[in-house]
Amino acid sequence: MTTSADISSRFWNLPQKADEELAREATYIDDIIQKAHIEREILSNLEGIQTVFDGGAGYGRFSILLAKRGLHVTHFDISQVMLDKAKEIARREGVLGNMTFIRGCLENLEQFHNGQFDLVLSFDAPISYTYPNHEAVLSNLIRIASKRLIISVYSRLAWTYQFDPAQKLKYILDENTGDPYARWTLDQAVYKLADYKPDMAAVRAFFKTGLMEPPEETAKAFETGGAPWPVSYAFMPEELAAVMERHGAKNIRLAGPGALTRSIPRETLRNIMLDDKLKAEFLDFCYWYDSQPSCAGLGKDNIVATADVG
Ligand SMILES: C[S@@+](CC[C@H](N)C(=O)[O-])C[C@H]1O[C@@H](n2cnc3c(N)ncnc32)[C@H](O)[C@@H]1O
């Protein structure tokens, strides 16, 4: 039987995936903002932390950052392509000794004991890829943490692509990028949008289920060689908080990185990004603004959640 894990594994093991992910912050302004937010959130929650688990750690955007600060990080990912890239960067940065690399799937965390890690992380939606097991995965991530949990999952409220399929346009920083979605947006979106109308049935189905399409359709496409595109589940903010609370998380804070930038025009965003001093000040302000509880889930595409555990 095809599972979300099979589909996710094939998608994330495509040879180009690590380089595509590595290029995101050079390609997209909203990725810069989201990663900067997560980085600030992690760095302001490190008191008393020595050991870290990063589930779905990718090429090591956050795991290597923490290893460089002397923490011991278990870098866990379903994709060998991602693990190889992360090891290459960690070696170059001289922090291999602070890291343990494990290939594995979040649905299978039995090898880790209760409270094994001071801090548990999982960003840019690995939990969402585990549908329909996302609640069990969240519960296990909380189980293996002893002090704190910081995660991000797909946000249902942020997915407004049906109304503006070219919403990425204003965030494209490098117009020569080879990134497939950025290329489509730059080369064809304006032309295609002239006659575009949203499909309200698709909007209703998505907001009701949190899924872009029924998972059986993705599985069917996978079986016939069509997919990979992973099954991914988008949470409502209150739903995420309720699931986390049910499994023992306390003092839950939710954010929506990218909420402020939704209302900023493309030219202004580019001017900010091209001025280093202004960019740093702006990213600090975004972190503050997007951390307001009323921005939860209203940013780029992720809800960031921070909680105490244990
Ligand atoms: C968009 S990348 C994010 C990487 C990193 N967390 C970051 O924020 O830069 C998603 C990562 O999740 C991993 N992943 C997806 N499904 C997973 C699963 N079921 N178990 C473990 N890792 C998974 C992918 O291989 C990929 O490296």
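Helix H1 (residues 4-12) supplies the largest share of the shell around the ligand, three residues; helices here are DSSP runs of H or I with at least four residues, strands are runs of E with at least two, and both are numbered from the N terminus. Please keep in mind that this is a predicted model, in which local features need pLDDT of at least 70, side-chain atom pairs count only at pLDDT 80 or more, and totals for chains, interfaces and linings use all residues. Residues are numbered from 1 along each chain as its sequence is written. Here is a quick tour, starting with the ligand.

**Around the ligand**

- Trp12, Gly56, Gly58, Ser79 and Phe123 come nearest among the 20 residues around the ligand, where a residue is near if its C-beta atom, placed from the backbone, lies within 6 Å.
- The shell divides into 10 nonpolar, six polar and four charged residues. Ala, Val, Leu, Ile, Met, Phe, Trp, Tyr, Cys and Pro count as nonpolar, Asp, Glu, Lys and Arg as charged, and the others, Gly among them, as polar.

**The sheet**

- Seven strands form an open sheet in the order S3-S2-S1-S4-S5-S7-S6, with mixed pairing; two strands pair if DSSP finds at least two bridges between them.
- Strand S3 (99-103) and strand S6 (250-255) are the edges: each has a single partner strand, so one side of each lacks a neighbour in the sheet.
- On average, neighbouring strands of this sheet are turned by 15° against each other, direction ignored. Axes are lines fitted to C-alpha atoms, for helices over the stretch in contact, and angles run from 0 to 180 degrees between N-to-C directions.
- S4 and S5 run parallel and are joined by five bridges; serine 122 has isoleucine 151 in S5 as its bridge partner.
- S6 pairs with strand S7 (residues 302-308) in the antiparallel sense over four bridges, and alanine 255 has valine 304 in S7 as its bridge partner.

- S5 is largely enclosed by the rest of the structure, because eight of its 10 residues are buried. A residue is buried if 20 or more other C-beta atoms, placed from the backbone, lie within 10 Å of its own, exposed if 12 or fewer, and partly exposed in between.
- Helix H7 (residues 134-143) lies across strand S1 (51-55), strand S4 (117-122) and strand S5 (145-154), and runs at about 150° to S5.
- The largest nonpolar core has 78 residues, and Val120, Leu121, Leu141, Ala145, Leu149 and Ile151 have the most contacts inside it. Such a core is a set of buried Ala, Val, Leu, Ile, Met, Phe, Trp, Tyr and Cys residues joined through C-beta atoms within 7 Å.
- Leaving aside residues up to four places away in sequence, isoleucine 151 touches Leu121, Ser122, Phe123, Ile127, Leu141 and Ala305; contact requires C-beta atoms, placed from the backbone, within 7 Å.

**Backbone points to check**

- Most residues other than glycine have a negative phi, and most peptide bonds are trans.
- Alanine 125, in the loop between S4 and H7, has a positive phi of about 85° although it is not a glycine. Alanine 125 is buried, with 22 other C-beta atoms within 10 Å.
- Proline 132 lies in the loop between S4 and H7, and the peptide bond to it from tyrosine 131 is cis, with omega near 5°.
- Asparagine 251, in strand S6, has a positive phi of about 55° and counts as exposed, with 9 C-beta neighbours inside 10 Å.

Note on methods:
Two residues are in contact if their C-beta atoms, placed from the backbone, lie within 7 Å.
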